[in-house]
Amino acid sequence: MTGSTSSPSTRKRSAPPRPVSLALQGGGAHGAFTWGVLDALLEDGRLSTKAISATSAGAMNACALAMGQMRGGPEGAREALDDFWRAVSRAGGGFMRAPGLFKFAPWLDALTRLTSPYDTNPFGYDPLSHILDRQIDFDAVHACQDIELFIAATCVTTGRSRVFNGAEVTLDAVRASATLPFLHQAVEIDGEPFWDGGFTGNPALWPLFYADAPHDVLIVHINPMERAGTPKTAEDILNRVNEITFNASLLAELRAIAFVKRLIQDDLLKDPRKARLSDIRLHSVRADDALSQFPASSKYDASWGFLTDLRDRGREAANTWLASCVDKVGHESSVDVRKEFLGD
């Protein structure tokens with residue numbers, strides 16, 4: 001078990017846990033930061049996760065959490081997350097074609113953009129598939145009535161996001177959500193090819209608004225929104241381009257949310273329409289400070305020391321947020337969307 005000194009069962013609580021929805025970004029091995037955030041939230045016990053929208057590594061964290069929750073409550077969820085990331089480390093990644101190659105990721109990334117996985121990997125070997133098959137019991141995921149999952153992938157033919165929900169959350173759906181087109185062949189589901197969900201929803205927030213999910217949405221970011229200075233090297237330029245690309249869909253949704261919130265707050269909607277809209281309360285745990293020092297190549301580093309370092313950084317970020325913001329859950333947003341994300 002990760003570095004905890006007590007469990008929720010040993011603490012006296014004056015109120016029941018507050019329900020929240022989680023939105024988990026993807027980002028390869030950097031998903032271990034999200035592992036740490038989830039571990040701290042589960043240990044703290046003041047929040048109860050009822051719905052999760054997730055992409056790529058976020059989707060893997062979501063499935064591990066739901067499976068563990070089904071088997072053993074919050075402590076079972078913590079154990080399942082720990083087991084999953086240990087398996088990732090033992091396998092040498094699943095985010096890379098072979099163990100130990102993350103140091104050469106900038107050159108490999110450039111090479112993959114000149115080749116096709118249909119040529120370099122004609123049999124479609126995907127180590128991530130083996131990890132998911134061994135570590136995630138999807139029957140247990142489906143049986144978890146406490147948490148509803150929404151997993152995003154990008155349909156190659158239409159360019160639109162597809163969100164898998166309920167029994168649709170399968171091994172292939174999670175694989176599709178994490179399939180980078182230059183590294184792995186598209187995953188076919190229902191006759192359609194799918195790529196990484198980060199292109200169209202990283203994560204997708206809208207499923208949480210249409211579902212019967214808590215109006216408090218906690219976003220766990222692992223792609224830095226901001227970086228100081230202008231990137232000059234090819235690696236730094238590519239890194240920043242990827243970060244901007246995989247944050248673009250989220251920023252678009254946040255802008256729409258800010259617009260609706262303004263309409264509600266300024267009472268600019270007629271009564272019939274006002275009744276159909278919910279004033280979403282947004283919260284955010286950001287990894288800008290914790291992860292901005294790491295290059296994009298570190299997303300392929302599955303060494304146990306690196307993963308547990310990211311976990312600990314995630315736990316620290318979550319505990320900082322809990323100390324200052326948890327009391328706002330159920331009452332008001334703890335983040336100013338326009339100021340923090342839109343620059344208004």
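I looked up Trp35 to begin with, and I noted it as buried because its relative accessibility is 0% (buried means under 20% relative accessible area, exposed over 50%, partly exposed in between, with a 1.4 Å probe and protein chains only). I kept in mind that this is a predicted model, in which local features need pLDDT of at least 70, side-chain atom pairs count only at pLDDT 80 or more, and totals for chains, interfaces and linings use all residues. Residues are numbered from 1 along each chain as its sequence is written, and side-chain values use heavy atoms, with hydrogens and water left out.

I then turned to the aromatic pairs, of which the structure holds 7 (rings of Phe, Tyr and Trp, the last by its six-membered ring, pair if their centres lie within 6.5 Å; planes under 30 degrees apart count as stacked, over 60 as edge-to-face and the rest as tilted). Trp35 and Trp304 make a tilted pair, because their ring centres are 5.9 Å apart and their planes stand at 35°. This pair links distant parts of the chain, with Trp35 in helix α1 (residues 31-44) and Trp304 in helix α12 (residues 304-325), 269 residues apart (helices are DSSP runs of H or I with at least four residues, strands runs of E with at least two, numbered from the N terminus). Trp304 counts as partly exposed, at 26% relative accessibility.

I also found Phe84 and Trp85 paired edge-to-face, at 5.5 Å centre to centre and 85° between the planes. Phe84 is buried at 1% relative accessible area, and Trp85 is buried at 0%. Which residues form one aromatic cluster? I noted Trp35, Phe84, Trp85 and Trp304.
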